[in-house]
Amino acid sequence: IPDDAAMVAVMGPREPFRPAEVQALRDYLAGGGRLLLWLEPEPGGGDAGLAALLDDYGVAFDATPRANDRIFGRRTYTPADHGLLVTNAFGDHAAVRPLSRAASQNPVLLLGAGALTRRPAEGVAVGDLVRAMPGTWADDGNFRFDGAREVRETPVLLLGVSKAPSAVPGSARPPEAARLVVAGGAGLGGGLVQQHQHVVGPERVAVPVRGRGEDRIGNRSCER
């Protein structure tokens with residue numbers, strides 16, 4: 001990873017990271033790096049070997065695809081569309097606060113997503129950025145709700161994470177906090193920026209991949 005990288009983006013990894021690659025990401029974050037991580041809920045996805053790294057920050061990923069038969073996007077007009085989640089349930093994190101203030105005007109389409117969970121971790125602050133709408137469930141593959149085996153919930157789909165910095169011995173540079181944005185579906189990235197005439201509403205979120213300064217997820221431009 002270049003020393004001057006403003007951000008590292010991992011977009012829907014399909015193969016597990018090698019231990020040396022995971023350590024490189026750990027070292028980058030320990031130095032105050034920023035990681036944008038879109039995980040993949042489809043077969044062959046999962047945590048891509050990053051479970052231990054996520055656990056360092058109190059985050060876990062369940063790759064089981066989520067579905068909702070009450071609020072969803074239309075593409076095939078079959079039950080498979082229940083996997084096209086639509087939500088405007090934004091958190092109060094600074095990254096999505098502008099969207100939260102006008103949530104009814106900013107629905108987001110997710111082209112498939114798993115769920116994120118969190119636990120207390122020392123020195124770590126975690127904020128919910130985006131949740132699914134109520135009535136969402138972990139689907140067994142048929143995109144139909146089965147009350148005998150499945151439970152409706154409101155899972156977290158996008159998290160913002162920061163970890164307090166540690167002083168670097170012999171370094172005159174002030175330590176910086178590690179920052180992560182973790183998404184429960186690589187399709188979330190596409191859904192945030194894609195315009196589509198058959199979804200419940202327009203998507204108006206720009207996702208910075210690389211940039212300088214105070215990058216935000218919102219209606220902002222970013223140097224790429």
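Predicted model: local features only at pLDDT ≥ 70, side-chain atom pairs only at ≥ 80, totals over all residues.
**Nonpolar cores**

The largest nonpolar core holds 25 residues, and among its members L35, L37, L53, Y57 and L180 touch the most others. Two or more residues each are given to this core by the strands β1 (8-11), β2 (34-38), β3 (59-62), β11 and β12 (178-183), as well as by the helices α1 (19-30) and α2 (51-56). Helix α1 supplies the largest share, which is four residues. Once neighbours within four places in sequence are left aside, L180 is in contact with L29, L35, L53, Y57, L159, G160 and V161.

**Buried residues**

Residue L110 belongs to strand β7, which covers residues 108-111, and it counts as buried because its relative accessibility is 0%, under the limit of 20%. Between L110 and A132 there are 22 residues of separation in sequence, while their C-alpha atoms are 9.3 Å apart in space.

R66, a residue of strand β4, is likewise classed as buried, since its relative accessibility is 5%. The side chain of R66 makes a polar contact of 3.2 Å with the side chain of D62. Not counting residues up to four places away in sequence, R66 touches H82, G83, L85, A113, G114, A115, T136, W137, A138, E153 and P155.

T136, which is one of the residues touched by R66, sits in the loop between β9 (124-131) and β10. With a relative accessibility of 1%, T136 also counts as buried. A polar contact of 3.0 Å joins its side chain to that of N68, and, with residues up to four places away in sequence again not counted, T136 touches R66, A67, N68, L85, V151, R152, E153 and P155.

| Side-chain pair | Polar contact distance |
|---|---|
| R66 and D62 | 3.2 Å |
| T136 and N68 | 3.0 Å |

**Positive phi angles and the pocket**

Most residues other than glycine have a negative phi. Y77 is not a glycine, yet its phi is positive, at about 60 degrees. This residue is found in the loop between β4 (66-67) and β5 (84-87), and Y77 counts as exposed because its relative accessibility of 57% is over 50%.

F143 is another residue that is not a glycine and has a positive phi of about 60 degrees. Its place is in the loop between β10 (137-138) and β11 (156-163). F143 counts as partly exposed, because its relative accessibility of 25% falls between the limits of 20% and 50%.

F143 also takes part in the lining of the second largest pocket, where it is one of the residues that lie nearest the centre, together with A80, G83, L84 and G112. This pocket contains about 200 Å³ of space and is lined by 16 residues, which divide into seven nonpolar, five charged and four polar. G83, named among those nearest the pocket centre, is also one of the residues that R66 touches.

Conventions. Residues numbered from 1 in each chain as written. Heavy atoms only, no water. Buried < 20%, exposed > 50% of the residue type's maximum accessible area, 1.4 Å probe, protein only. 1 Å grid on protein atoms, 1.4 Å probe; cavity = no way out; pocket = protein on both sides within 12 Å on 5 of 7 lines; lining within 4 Å. Points joined across faces, edges and corners; volume = space filled by probe spheres on them. Nonpolar A, V, L, I, M, F, W, Y, C, P; charged D, E, K, R; others polar. Core = buried A, V, L, I, M, F, W, Y, C linked by side-chain atoms within 4.5 Å. Contact = heavy atoms within 4.5 Å. Polar contact = N/O pair within 3.5 Å; in protein donor to acceptor, adjacent residues only side chain to side chain.
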